[in-house]
Amino acid sequence: MNELWIHFSEACQSVGTTPLEVLGFVFGITCIGLNALENIWGWPTGLINVAIYIYIFYDARLYADVGLNIFFFITGVYGWYNWLKGGEKKDDLPITISNFRQWGMYILMGGLGILGIGYFFDNFTNADLAYWDAYITSFSLVAQVLMARKKIENWLIWIAVDIIAIGVYWYKDLRLTAVMFFIYLILATLGYFNWKRKLTLQTAGS
């Protein structure tokens with residue numbers, strides 16, 4: 001088993017990645033794919049993914065992303081429970097859509113988060129790409145909360161986050177992570193249309 005791990009590590013190094021990043025990649029893709037299908041097992045899979053990336057981002061000095069993934073772990077537990085018991089009768093939580101006022105709040109909170117998080121990490125730490133990292137962090141927080149509440153708009157915000165994240169992680173030589181976020185972008189788009197179809201059926205059924 002030890003010899004197999006050594007060969008795996010050497011193979012990862014030959015393509016510019018690490019075994020931990022590969023594991024994060026696998027669990028991340030699985031998590032988003034299951035969420036796009038509205039499958040409850042996306043949450044425990046996601047918990048493993050964020051635990052791995054807490055270490056990866058700390059090592060890359062992307063400290064806002066470290067904090068983000070700690071938050072993801074907490075909301076992952078909440079989302080897992082809420083999807084199971086968040087309905088009116090303590091049953092499965094239905095997909096819902098936000099109004100314009102709620103959209104305004106999402107944008108405001110995300111924008112304030114960029115300014116606050118970016119300023120802190122730019123001035124008080126050795127963080128790299130502080131404001132771009134803060135963008136990813138701030139709007140990911142918004143999207144994750146909306147995901148836990150089964151708001152369909154979570155996918156639109158994830159799409160906006162994934163586009164920027166691809167560039168940031170590629171620049172930081174986290175190439176496999178950048179590829180993962182490209183796949184996330186595809187899955188988020190598919191997730192949006194799948195949830196939209198389910199919302200239409202859900203509305204028609206009610």
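Here is a walk through this predicted model, from the whole chain down to a few single residues.

Let's start with the overall picture. Of the 206 residues, 46% are buried. The accessible surface comes to about 11100 Å², and carbon and sulfur atoms hold 69% of that. If you look at contacts with a separation of 6 or more, 69% of them join residues 24 or more positions apart.

Helix α2 covers residues 19-36, which is 18 residues, and its first and last C-alpha atoms are 26 Å apart, close to the 26 Å expected at 1.5 Å a residue. Its buried residues include P19, E21, G24 and F25. Further along, G28 is buried, and so are C31, I32, G33, L34, N35 and A36. After α2 comes E38, with a positive phi near 60°.

Next, a pair of helices. Two packed helices are described by the angle between their axes and the distance between the axes. For helix α4 (residues 63-85) and helix α6 (residues 130-148), the axes come within 9 Å and cross at roughly 5°. Angles under 35 degrees count as roughly parallel, and α4 and α6 are therefore roughly parallel to each other. The residues of this contact divide into 12 nonpolar, 7 polar and 2 charged. On the α4 side you'll find, among them, Y63, L68, F71, F72, Y78 and W83. The α6 side includes D133, I136, L141, V145 and M147.

Is S138 buried or exposed? S138 is buried, with a relative accessible area of 4%. Leaving out residues up to four places away in sequence, S138 touches M109, G110, G113, I114 and I117.

Finally, on to two loops. K150 lies in the loop between α6 and α7 (154-171). K150 is not a glycine, yet its phi is positive, at about 55°. What is the relative accessibility of K150? The value is 4%, so K150 counts as buried. In the loop between α7 and α8 (175-205) you'll come across D173. D173 isn't a glycine either, and it has a positive phi of about 65°.

Terms used. Residues are numbered from 1 along each chain as its sequence is written. This is a predicted model: local features need pLDDT of at least 70, side-chain atom pairs count only at pLDDT 80 or more; totals for chains, interfaces and linings use all residues. Side-chain values use heavy atoms; hydrogens and water are left out. Axes are lines fitted to C-alpha atoms, for helices over the stretch in contact, and angles run from 0 to 180 degrees between N-to-C directions. Helices (H or I, at least four residues) and strands (E, at least two) are DSSP runs, numbered from the N terminus. Angles under 35 degrees count as roughly parallel, over 145 as roughly antiparallel, 65 to 115 as roughly perpendicular and the rest as oblique. Contact means heavy atoms within 4.5 Å. Ala, Val, Leu, Ile, Met, Phe, Trp, Tyr, Cys and Pro count as nonpolar, Asp, Glu, Lys and Arg as charged, and the others, Gly among them, as polar. Buried means under 20% relative accessible area, exposed over 50%, partly exposed in between (1.4 Å probe, protein chains only). Accessible areas come from the Shrake-Rupley method with a 1.4 Å probe; for residues, only the protein chains shown count as cover. The expected span of a helix is 1.5 Å times one less than its number of residues.
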